[in-house]
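Please read the following report alongside the sequence and the 3D structure shown here.

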Amino acid sequence: MNGQYLSRRQSKETPRTAPKGERLATSAMIASLDAEGRKTIAAPFGHALVDLAKDRDDIVGLTADLSKYTDLHVFAKAYPDRFYQMGMAEAVMISAAAGLAREGFTPFATTYAVFAARRAYDFIIMAIAEENLPVKIVCALPGLTTGYGPSHQATEDLAIMRGMPNLTIIDPCDATEIDQATRVIADHPGPVYMRLLRGQVPDVLSEYDYKFELGQAKLLRDGRDVLFVSSGLMTMRVLDAAKALQKDGVDCGVLHVPTIKPLDTATIIAEASKGGRLVVTAENHSVVGGLGEAVAATLMRAGVFVPFRQIGLPDAFLDAGALLTLHDQYGISVKALTASVKGWL
Amino acid sequence: MQSNVSLARRAYAIRRFALRMGEVQGQGYIGQALGVADVLAVSYFHAMAYRADDPTWEGRDRFYLSIGHYAIALYAALIEAGILPEDEIGTYGMDDSRMPMSGMAAYTPGMEITGGSLGHGLGIAVGAALGLKRKKNPAFVYNMLSDGELGEGSTWEAVMSAVQWKLDNLIAIVDFNDQQADGKTTAALAQMPEVGRWSAFGWFAQEVDGNDLDAVVAAFDAARHHDVAQPRVIICKSKMCKGVPFLEDREITHFVRVEPDEWTKALSILDEGKPT
Ligand SMILES: [Mg+2]
């Protein structure tokens with residue numbers, strides 16, 4: 001977790017040698033999230049929005065030059081007259097979404113998580129959240145989902161956004177959840193920030209008879225030894241880790257927390273209070289200011305004192321590199337997190 | 001003298017309400033309020049459609065005030081327009097007032113957006129103008145912004161976007177008093193010939209003396225009736241503290257100091273020049 005010592009930034013002066021043979025790793029912007037051959041669904045956000053828009057004239061889409069990379073192009077193709085290409089201009093995209101919401105529309109505005117959280121923050125908080133306008137900000141490349149480097153790695157978006165009053169924050173796990181959450185947030189009367197997995201998105205939760213409900217954590221599996229409290233794609237990872245740990249006789253529960261704000265404190269407190277378990281939060285986000293610290297504060301405030309560990313990204317500017325390499329390096333791959341948990345038991 | 005007596009009376013009333021609010025707090029952005037009163041008089045009593053008893057009437061022209069600190073001026077106009085009651089003047093800026101020092105939509109009928117973080121209003125106006133077009137609602141969106149606000153990059157994102165979407169229902173009003181918090185706007189950030197740069201971006205741009213009612217009326221008329229599908233801007237060169245000569249002559253700053261005994265003096269000087 002103390003990652004800066006691992007960084008390739010420290011060895012700028014050291015020449016490198018290209019490996020012989022096949023090229024296996026890339027720091028390209030768009031990398032496959034899962035190389036493990038999971039079932040996937042294409043563009044779940046875009047298709048859900050198209051489906052919703054059939055009966056909802058109020059739904060419009062805006063993007064700042066990233067429709068293809070947020071799956072909004074699916075909507076743009078189906079409803080060209082309800083799609084606003086705002087250009088590479090996040091401030092006016094967000095402000096215009098506020099203006100459209102003022103006139104009764106339900107705008108879905110898309111960009112990358114870094115650009116919404118970092119660049120457009122003032123516009124989101126003052127033009128949208130302060131007025132509780134129903135704008136849905138849906139952002140690709142959450143956390144460490146590109147090896148492109150810190151310019152595109154939104155490792156602190158949840159920390160930034162959690163400070164914003166009125167804002168609902170969703171970190172969905174997979175295609176099933178993105179489909180369901182898109183429909184639910186469209187009905188929510190206030191602003192929403194949703195992290196997005198796009199392209200071919202793994203489908204995991206359909207195995208669990210899952211139903212997304214705003215503000216609700218869901219226990220996906222129970223276990224005696226460890227309670228994972230996870231969000232986003234880390235829920236896929238801890239579900240796999242739980243299976244791996246089971247083989248070693250470690251019984252793990254998984255509490256999935258897709259709504260980061262408002263946090264389902266009641267369920268988190270109730271589950272963590274069932275004694276004798278190590279509570280392990282797991283998030284695709286910096287260990288600063290995300291789910292882990294939100295859960296820790298919740299438990300402290302409630303007087304629930306349990307063994308507690310955090311799986312998350314270090315408080316550091318992360319390396320460029322192949323995504324899967326980086327996930328191992330920073331401890332959020334199934335292999336790495338399983339090893340961490342074993343070390344803590 | 002102004003030839004338009006009824007608008008001159010409105011402007012006088014707006015200045016007077018603003019001075020009374022300034023007196024309540026012993027402070028306020030009175031220089032801006034006095035400077036922009038003529039433009040607000042033309043906006044509310046010549047150009048805009050609205051219903052005083054129904055400030056959210058769907059058919060109204062929208063007036064978006066980016067510059068939150070100009071709230072004192074807009075409250076004065078809203079009082080004169082009958083949207084806010086005159087007897088709330090004594091609450092200006094007080095706890096539990098509907099008229100806070102900086103304009104916020106959640107507090108005040110007729111205050112359409114929350115200003116204060118500069119560079120937001122024109123972008124929100126772009127979205128509202130798009131929304132009105134979607135609804136085939138013929139209303140205009142007016143955005144009043146300041147010269148200082150032209151330093152914000154987001155303003156220029158909105159400038160470009162309004163042209164891209166051919167927003168002929170959007171009218172920007174720049175209150176150009178050449179004053180911002182730290183001094184002269186023209187000394188701060190690459191200010192350029194205003195009509196030239198707005199025109200170059202694709203706007204129908206006019207520059208007028210913002211304290212010449214006839215000129216302001218003509219500019220608003222031209223902006224509303226311009227028949228090219230492009231957004232419109234009126235750069236109103238205004239004089240801080242206009243209408244109260246001893247304040248006009250004072251070394252002008254963003255936040256004009258008025259001594260406790262000077263409010264009465266300012267009101268009586270204003271009253272001496274009351275249009276008849
Ligand atoms: Mg100024």
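The report below covers the basis of the model, the sheets, the domains, the cavities and some backbone details.

## Basis of the model

This is a predicted model, in which local features need pLDDT of at least 70 and side-chain atom pairs count only at pLDDT 80 or more, while totals for chains, interfaces and linings use all residues. Residues are numbered from 1 along each chain as its sequence is written, chains are lettered from A and ligands numbered from 1 in the order in which they are written, and side-chain values use heavy atoms, with hydrogens and water left out.

## The sheet of chain A

In chain A, seven strands make up an open sheet of mixed pairing, in the order β3-β2-β4-β5-β7-β6-β12. Its edge strands, each of which pairs on one side only, are β3 (83-85) and β12 (259-261) of chain A. Neighbouring strands of this sheet are turned against each other by 20 degrees on average, direction ignored. Here helices (H or I, at least four residues) and strands (E, at least two) are DSSP runs numbered from the N terminus, and two strands pair if DSSP finds at least two bridges between them; axes are lines fitted to C-alpha atoms, for helices over the stretch in contact, and angles run from 0 to 180 degrees between N-to-C directions.

Strand β2 (residues 59-63) of chain A runs parallel to β3(A) and is joined to it by three bridges; A:Leu62 has A:Tyr84 as its bridge partner in β3(A). Across β2, β3, β4 (106-112) and β5 (136-140) of chain A lies helix α3 (residues 90-102) of that chain, which runs at about 165 degrees to β4(A), contact being defined as heavy atoms within 4.5 Å.

## The sheet of chain B

Chain B has an open sheet of five strands in the order β1-β2-β3-β5-β4, and the pairing is parallel. The edge strands β1 (62-65) and β4 (204-209) of chain B each pair on one side only, and neighbouring strands of this sheet are turned by 20 degrees against each other on average, direction ignored.

Six bridges link β4(B) in the parallel sense with strand β5 (residues 232-237) of chain B, and the bridge partner of B:Asp209 in β5(B) is B:Lys237. Helix α6 (residues 194-201) of chain B packs on the sheet, where it touches β3 (170-176), β4 and β5 of chain B, and its direction makes about 165 degrees with that of β4(B).

## Domains of chain A

The domain assignment of chain A gives domain 1 (40-202) and domain 2 (215-344), with bounds that come from an automatic or database domain assignment. The C-alpha centres of domain 1 and domain 2 of chain A lie 25 Å apart, and the contact takes 31 residues from domain 1 of chain A and 28 residues from domain 2 of chain A.

## Cavities

A cavity is a set of points, on a 1 Å grid over the protein atoms alone, where a 1.4 Å probe fits but cannot get out, and lining residues have an atom within 4 Å of a point. Grid points are joined across faces, edges and corners, and a volume is the space filled by probe spheres set on the points. By this rule there are two cavities of 30 Å³ or more.

The largest cavity holds about 80 Å³ of space, and its lining includes B:Tyr44, B:Met48, B:Arg60, B:Asp61, B:Phe63 and B:Glu112. Its lining residues divide into seven nonpolar, one polar and three charged, where Ala, Val, Leu, Ile, Met, Phe, Trp, Tyr, Cys and Pro count as nonpolar, Asp, Glu, Lys and Arg as charged, and the others, Gly among them, as polar. The second largest cavity, with a volume of about 40 Å³, has among its lining residues A:Asp171, A:Arg195, A:Gly232 and A:Asn284, and draws at least three lining residues from each of domain 1 (40-202) and domain 2 (215-344) of chain A.

## Backbone details

The peptide bond from A:Lys261 to A:Pro262 is cis, with omega near -5 degrees, and A:Pro262 is found in the loop between β12 and α9 (265-273) of chain A.

Definitions and conventions:
1 Å grid on protein atoms, 1.4 Å probe; cavity = no way out; pocket = protein on both sides within 12 Å on 5 of 7 lines; lining within 4 Å.
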